[in-house]
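Here is a short note for someone opening this entry for the first time. Please read the points in order, with the model in view.

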Amino acid sequence: MKFSLKYAFAVVLVIVVVACSPKIKTTTTTPAPVTDPIMLAKITEGKSLYETNCNKCHELHKPGKYNEQQWTKNLNWMAPKAKITDEQKATIFAYLSNNAKH
Ligand code: HEC
């Protein structure tokens, strides 16, 4: 029961992210702060996933240390090491990209 609720929530998140992404992409300079509550929930979840999955082999790297592109690369590299799902990877990316270097 707990799992299926969580899954449904994740599906909604994915839909929202997909639906909203063209708007995000059109910003040229500094993106506007995230105000959408579902996106904020995802960022918060991403932070906790990051803090529990990414410090097993090394200290946590500060999100502001890399830009979005570098985080994409780093996450693609580290996800198999951390044995996280694609969904968890996307959630962690939401947190990291929201706090990434510009
Ligand atoms: C199984 C061990 C392991 C886990 C789990 C792990 N990493 Fe790493 N990570 C490494 C190793 C090994 C390196 C390269 C050597 C180093 O910097 O210590 C590295 C390096 C990095 C770097 C530096 C990349 C660079 O360009 O120098 C980043 C950023 C990073 N990891 C992020 C993450 C994130 C995000 C996660 C969680 C999804 C994660 N790591 C989980 C082993 C791990």
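**Notes on the model**

1. Gln70 is found in helix α3; helices here are DSSP runs of H or I with at least four residues, strands are runs of E with at least two, and both are numbered from the N terminus. With 13 C-beta neighbours inside 10 Å, Gln70 counts as partly exposed. The scale behind that word is this: a residue is buried if 20 or more other C-beta atoms lie within 10 Å of its own, exposed if 12 or fewer, and partly exposed in between, with C-beta atoms placed from the backbone. Gln70 and Ala100 are 30 residues apart along the chain, and their C-alpha atoms are separated by 9.2 Å.

2. On the source: this is a predicted model, in which local features need pLDDT of at least 70 and side-chain atom pairs count only at pLDDT 80 or more, while totals for chains, interfaces and linings use all residues. Residues are numbered from 1 along each chain as its sequence is written.

3. The overall make-up comes next. The chain has four helices and zero strands, and its pattern along the sequence reads α-α-α-α. Of the 102 residues in the chain, 15% are buried. Among contacts with a separation of 6 or more, 76% join residues 24 or more positions apart; two residues are in contact if their C-beta atoms, placed from the backbone, lie within 7 Å.

4. How do α3 and α4 cross? Helix α3 (residues 68-82) and helix α4 (residues 86-98) have axes that come within 10 Å and cross at roughly 150°. The axes are lines fitted to C-alpha atoms, for helices over the stretch in contact, and angles run from 0 to 180 degrees between N-to-C directions. α3 and α4 are therefore roughly antiparallel to each other, since angles over 145 degrees count as roughly antiparallel, those under 35 as roughly parallel, 65 to 115 as roughly perpendicular and the rest as oblique.

5. From α3, the contact with α4 is made by Glu68, Trp71, Leu75 and Ala79; from α4, by Lys89, Ile92, Phe93, Leu96 and Ser97. By class, the residues of this contact are six nonpolar, one polar and two charged. Here Ala, Val, Leu, Ile, Met, Phe, Trp, Tyr, Cys and Pro count as nonpolar, Asp, Glu, Lys and Arg as charged, and the others, Gly among them, as polar.

6. Helix α2 (residues 37-53) also packs with α4, at an angle of about 105° and with their axes 7 Å apart. α2 and α4 are therefore roughly perpendicular to each other. On the α2 side the contact residues are Lys42, Ile43, Glu45, Gly46, Lys47, Leu49 and Tyr50, and on the α4 side Gln88, Thr91, Ile92, Ala94, Tyr95, Leu96 and Asn98. The contact of α2 with α4 has seven nonpolar, four polar and three charged residues. Ala94, leaving aside its neighbours within four places in sequence, is in contact with Lys42, Ile43 and Gly46.

7. Which residues make up the largest nonpolar core? They are Tyr50, Cys54, Trp71, Leu75, Ile92, Phe93, Ala94, Tyr95 and Leu96, nine residues in all. Such a core is a set of buried Ala, Val, Leu, Ile, Met, Phe, Trp, Tyr and Cys residues joined through C-beta atoms within 7 Å. α3 and α4 are the elements that give two or more residues to this core, and α4 gives the most, with five residues.

8. Two loop residues deserve a look. Lys83 lies in the loop between α3 and α4 and is exposed, with 9 other C-beta atoms within 10 Å. Lys83 is not a glycine, although its phi is positive, about 55°. Most residues other than glycine have a negative phi. Lys62 is in the loop between α2 and α3 and is exposed, with 11 other C-beta atoms within 10 Å. The C-alpha atoms of Lys62 and Asn99, 37 residues apart along the chain, are separated by 8.9 Å.
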